[in-house]
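User: Please examine the model shown below and answer some questions about its architecture.

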Amino acid sequence: MDLFDSNSSERASLPRNMIENSMFEEEPDVVDLAKDSTAFPTFPALDPDEVTYEPRSSRLLVRGLGENDMDDDEEDCESSARLLGMSFMNRSSAHRSNSSPYTRQAPPRSCSRPSSRTIVVCVLFLVIVASVTMVFYFLPGCTFTKAGCHKPNKTNPIEPVYPISTNGELFPWAQLRLPQSIKPLSYDLTLNPDLDKMTFTGRTVISMSILHSTNRIVFHGANLNITKATFKLGDGQASDVTILEYKPRQQLAVNFSEELKAGQYCVLTMEYSANFSNAYDGFYKSFYIDKDRNKRYPLVLAATQFEPLSARKAFPCFDEPAFKATFLIKISRKKTYMTLSNMPKAKSTNLSNGLVQDEFEKTSVNMSTYLVAFIVADFTPNTKNVSETQVSVYSVPEKNGHTEYALTITSKLLEFYNNFFDINYPLKKLDLVAIPDFLAGAMENLGLITFRETTLLVGKESSLLEKQVVASVIAHELAHQWFGNLVTMTWWNDLWLNEGFATYMEYMSLQEVSPDLETGNLFLSVRFRALDKDALNSSHAVSTDVNTTEQVEEMFDSVSYEKGASILLMLNASFPGDQQFRKGIIEYLKQFSGLNTDTDDLWNSLTQEIVNERGKSKTDGCQSAACTDKSTHHMNVSQMMTSWTSQKGFPLVTVNLMGNQVTLAQEHFLLTSDNTTHTLWHIPVTYVNDSCSLAPECRQVFTLKNKSDTFKLSENVTWLKLNYKNTGFYIVDYGKDGWSALAQALFSNVGVLTHEDRASLIHNIFALSRYQSLLIAFSDETDTETSPVTEALLQLNNIYRQLEKRQESNLNFIMSTFRNLTAKQTWEEEENVSKQELRSALLEMACNLNDENCTQQATSLFKKYMESNGTLRIPGDLQQTVFTVAGRSDETWDALFNIYVHATYDSEKRKMLKGLASTQNPQRLVQILSFGLRGSLIQTQELPLVISTMCQSFAGCLFAWDFIQENWDRLIEKFPIGSFAIQAIIKSVTSQSSTQAQLNKVQAFFSGLKERGSQMRSVQEALETIKLNQRWMDRNLPTLQKWL
């Protein structure tokens, strides 16, 4: 939106301060002078929260011109068939009207050309005006206030310029983050939900401490109708106050005529009403059908999802992670419902209106607002006592039989974490609740963890792969009870401290607690995907600036999760011994228990542990690992790891082996090669060689800190393999001779390297665009282990999908490469997880490529399943393949849809949905998308999955792209801008595009969104990916065609 709209002539005549105030309604620009005393050394000390306005009229002029200057690139939305360069269903594109405001009009022929004298006079006039403006703006010592610039300000602080609140008054704050002058101590929340009217009322009492003298209190609130507010200072009388609201930042404020003094205590009480959220955040409604009780109409429940910025939608609060407090929560309900919250229930009271009020114990630990949770529903529990904690798994009544596995694995994990962290879980109860409508996979609310049904519930006959999904999510959320809940990041820029640690512990804990789930392959795969994303110029540092609400949402991505976990794995692998990392983590948790931290706090704790261990080494005769391992003897964790968290991307390590001399060099691996950087990393380079390559004892370490370095081996070797088991976050180029030596070694004995090392070679080859070497290496199919084969399948499938969208799908090279290995797979029950993963990947690939034998087997199995009325069990790892084949057939699609509608087992139901979305039938594609958008028959939370599945085919992606363009505004009503769901949708419809026409259309659509999503990082990632795909195809397609 142009800052100066059609009424610009009226705006221009307004006083300067009125124009500035109106500008703040969109994006106030402020400078905190309190943090930069050197800029104005003569000013007295300011309120720590005071800000001043930075003049920017020239910047506004440039932005105004840029946003109005539409050219021919602003096109109408044609059909996606035209987007991909072909006619589809004879749909014609709409032509731009001649009256379109975006069309350049020819200048009127009646205009005469100005004379030279006129031009000279105009130019001179503009130069004078510009000069005068610059003098006024850059005059030394000039203080800019609402009154203008009268004289140098030597004595008084600058009067800040604030935005306008909803009632027309000035709002006393102009930044995203709240002032630090007030600290909330406790909340007393009373909530009265009405599940019939879909509304709720509330009463919030916030007790606060004044840290810095101030005359305002600023906090958060969104979509709340505050009907009454009172304020009490110390032991004084409560008095009515006016609540100001600034909606663009979802902030509320109270102004005071007299200054509140540091050290005082105060209480703010508010009564309010609100509607339940229609999205998946805040206090929202959910529906389900209880078939066990013969209730065919929807039943209603209410649940919460507050992370990252939605507690403010349920109650007024200081909605930032650093504002920790205690909470006392009371909720009223009908007698047919039950309630849950973070703490155990303290008492229930019958109210005069026939309702019951449940009061919960006051939280025993301080916690951030995003961790508050409460539920009003009719759920049934499955309960067990574990280590003095009551563990309960809740579900809708008909699915209570699917809670046993979750209860069992939670009990094991809770005991493991209590021991590993040397800190017991702090509450007396731990609830895990399956919510029918829930967007995220799960949410780690303290004491009340909420889940999707598909990530918590599994049947007794479920496959180990299905149990692996549930166990992984539970392990992740339980780890958060320490990392995130007990110790919390100060601000969202360090989200990785929560999510990276929880992701790392998720895999590490399950390898100890349930090794039969074989999560190592899964962790390896997610590390590869994190590398893929971080190789883009549009990536970001693990710890990066977060200055808008959209940027907060976008932090929930693979960099915070998987890259965060990957660098922790690399750090742990570089520690001497197997306990130092754990000891450093325990020290970190104990030192900052109940507090907020940043990344440096973690590194300092781990560095201190090394110092402590080194001190012990001197007293025990230098027998410990810290003393004998020279590579880490002088290790400074902060110095090493800052290079991994403060800059985006990762290094490419090149290796040159000459006899026993090894030369290593590093550079930023960036797929967009025209944006080279000169960053360096401290890389713990691990390596093995032909004399010893499999056992952990074979691993050696060299720390590469400089651009290049050289070291010598104890003897001459034939080859080196760097990055042992891919524990480091970097890729390696061995040069022509190095690759040749490794290939020859693998041809001679494929088991000469671990399966993780073989998979990493495959990933590195593709990252370096050496696909031909890979195809040759796999032509004899000697490798049959899961991780190398599945990585190769994924990489080759990405190429195939790009070829398909260029109508080059006749290049069906994948099936010929893996035909023999695929033919060896059976269709019976398989107990081993790795074999299930391998079989699932191979058969799904074969059926997707219409291999006749595969489709016949899948079709036969589905018909037997139908004839048995669902009593015949399809092996869990084969269900997706079978349902996809059924969904692609017009003969069985309706039968599959009918089974899906009546299915109750959630994991199986989701696989059916993917099968339904695999159809090529246009009418059915439209039907599925319509159901998903409305939330009828198909839950809206599943739209990202539906779109991702549709985009695996050419026709499906056409419809998905059209659907997104036509329904963008409705999508961002359900899924916040920048959220993981929106990121997934954008990636699905763009990641396999590779032509200029596709790039132009994607760019035109997203640039036209303006504040509705045009600046998202995921959009920049999508555009960059298309350009890279285009470049790769242009360079390699002719060679690929010839070679095949």
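Analyst: This is a predicted model, in which local features need pLDDT of at least 70, side-chain atom pairs count only at pLDDT 80 or more, and totals for chains, interfaces and linings use all residues. Residues are numbered from 1 along each chain as its sequence is written, and side-chain values use heavy atoms, leaving out hydrogens and water.

User: Which strands are the edge strands of the open sheet of eight strands?

Analyst: Strands are DSSP runs of E of at least two residues, and helices are runs of H or I of at least four, numbered from the N terminus. Two strands pair if DSSP finds at least two bridges between them. The order is S7-S6-S10-S4-S3-S13-S16-S15, with mixed pairing. Pairing on one side only marks the edge strands, S7 (239–240) and S15 (345–350).

User: How are H17 and H19 oriented to each other?

Analyst: The axes, lines fitted to C-alpha atoms over the stretch in contact (heavy atoms within 4.5 Å), with angles from 0 to 180 degrees between N-to-C directions, come within 8 Å for helix H17 (residues 755–767) and helix H19 (residues 786–805) and cross at roughly 15 degrees. Angles under 35 degrees count as roughly parallel, over 145 as roughly antiparallel, 65 to 115 as roughly perpendicular and the rest as oblique. H17 and H19 are therefore roughly parallel.

User: What percentage of the residues in the protein is buried?

Analyst: Buried means under 20% relative accessible area, exposed over 50% and partly exposed in between, with a 1.4 Å probe and protein chains only. Of the 1044 residues, the buried share is 55%.
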